[in-house]
Amino acid sequence: MAATTLAACSPAPKTDSRRKRVPVQKIRYGTDASQFGELSRPTGASKGVVVVIHGGFWRAEYDLSLGRPLAASLVDNGWTAWNLEYRRVGNGGGWPGTFDDIAAGIDTLSTVDKLDTSKVVTLGHSAGGHLAVWAAGRSRLATAAWNKPAVPVTAAISQAGVIELRKALEADLGGGAVQALMGSTVGKRYQEADPLAQIPLDVPVRCVHGTSDDTVPISQSIGYVEKAKSAGADAELVEVEGDHFVVIDPSTRAWARTLEILEAW
């Protein structure tokens, strides 16, 4: 499979230092303490909306603070960032609550004043990568509460994502993280939760993954992209040098490559 490999030590492109940020707006989409997001806008025209979905193996001890540096960088580069929090395992999340929140959190963008949602890209790291690709394929799901998005996703970027859910279960990634999310190791719910079951998507998917990632192996991205492309989808693997976290460090070439992917859309 053809893939792009980039050095993590290469310098990231300089952002426009003249660009100022509009104050971050906290917006709730439900009554639970975790049902909110932080909306950050650039001054002037926006290139589109990027939904930042943090990782942490879907567990409550990790939160949207992981996505704040990425949101700031996106705004500096002319994008509107929607840094989305959601219920996780340990604070009311899991199946199906986590999925309910991702769907509702993205759809609430339709209610935000003066926000153009014609271009909405989901960008997720690790478990967030799983949710980002899942959200891009909502129209293919059987669950009525999810399959008619008010804000359709136009593209998705998975950063070291857990996007072959059953294989992640078999490999016991995150020490039982998939089983904790799904509440079971079997059942039709996997057909609704595994991004592989949604292919081929109607929107492009890019999988950015570090070649030395020992938390979520790059085989997760390789397998997804191979199967998606075989099904006729627009999917691409982008290999970068570095570990599991290099992709969410705004100072790295891995993050610069992610910005380049966004610019192409």
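H125 is placed in strand β6. The structure is a predicted model, in which local features need pLDDT of at least 70 and side-chain atom pairs count only at pLDDT 80 or more, while totals for chains, interfaces and linings use all residues. Residues are numbered from 1 along each chain as its sequence is written, and side-chain values use heavy atoms, with hydrogens and water left out. Helices (H or I, at least four residues) and strands (E, at least two) are DSSP runs, numbered from the N terminus.

H125 counts as buried because its relative accessibility is 6%. Buried means under 20% relative accessible area, exposed over 50%, and partly exposed in between (1.4 Å probe, protein chains only). Leaving aside neighbours within four places in sequence, H125 is in contact (heavy atoms within 4.5 Å) with I53, H54, G55, Q159, A160, H244, F245, V247 and I248.

Two elements, β4 (49–53) and β6 (120–125), each give two or more residues to the lining. By type, the lining residues divide into nine nonpolar, nine polar and one charged. Here Ala, Val, Leu, Ile, Met, Phe, Trp, Tyr, Cys and Pro count as nonpolar, Asp, Glu, Lys and Arg as charged, and the others, Gly among them, as polar.

The next topic is the nonpolar interior. In soluble globular proteins, nonpolar side chains tend to be buried together. A nonpolar core is a set of buried Ala, Val, Leu, Ile, Met, Phe, Trp, Tyr and Cys residues joined through side-chain atoms within 4.5 Å. The largest such core has 54 residues, of which W58, I102 and Y224 touch the most other members. Helix α3 (residues 127–136) supplies the largest share of this core, seven residues. Not counting residues up to four places away in sequence, W58 touches R88, V89, A127, H130, L131, V162, L165, A177, V178 and L181. A second, separate core has 24 residues, L74, A155, I157 and V247 among them.

The buried residues of α2 include F99, I102 and I106, along with D101 and D107. They pack against β4, β5 (80–84), β6, α3, α5 (177–182) and α6 (189–193).

Beyond α3, L141 lies in the loop between α3 and β7 (155–159). L141 counts as buried, because its relative accessibility is 5%. Residues up to four places away aside, L141 touches W134, W146, N147, E192 and Q198.

The charged pairs come last. A salt bridge is a side-chain nitrogen of Lys or Arg within 4 Å of a carboxyl oxygen of Asp or Glu, and by this rule the count is eleven. In one of them, E263 pairs with K47, the closest N and O atoms being 2.5 Å apart. E263 lies in helix α8 (residues 253–264) and K47 in the loop between β3 (36–40) and β4, so the pair ties together parts that are 216 residues apart in sequence. E263 is partly exposed at 44% relative accessibility, and K47 is partly exposed at 35%.

Another salt bridge joins R206 to D234, with the closest N and O atoms 3.0 Å apart. R206 is in strand β8 (residues 205–210) and D234 in the loop between α7 (219–230) and β9 (235–240), 28 residues apart. R206 is buried at 12% relative accessible area, whereas D234 is partly exposed at 39%. R253 and E260 form a further bridge, the closest N and O atoms being 2.7 Å apart. R253 is buried, with a relative accessible area of 16%, and E260 is partly exposed, with 30%. Salt bridges that share partners join R206, D234 and E236 into one network.
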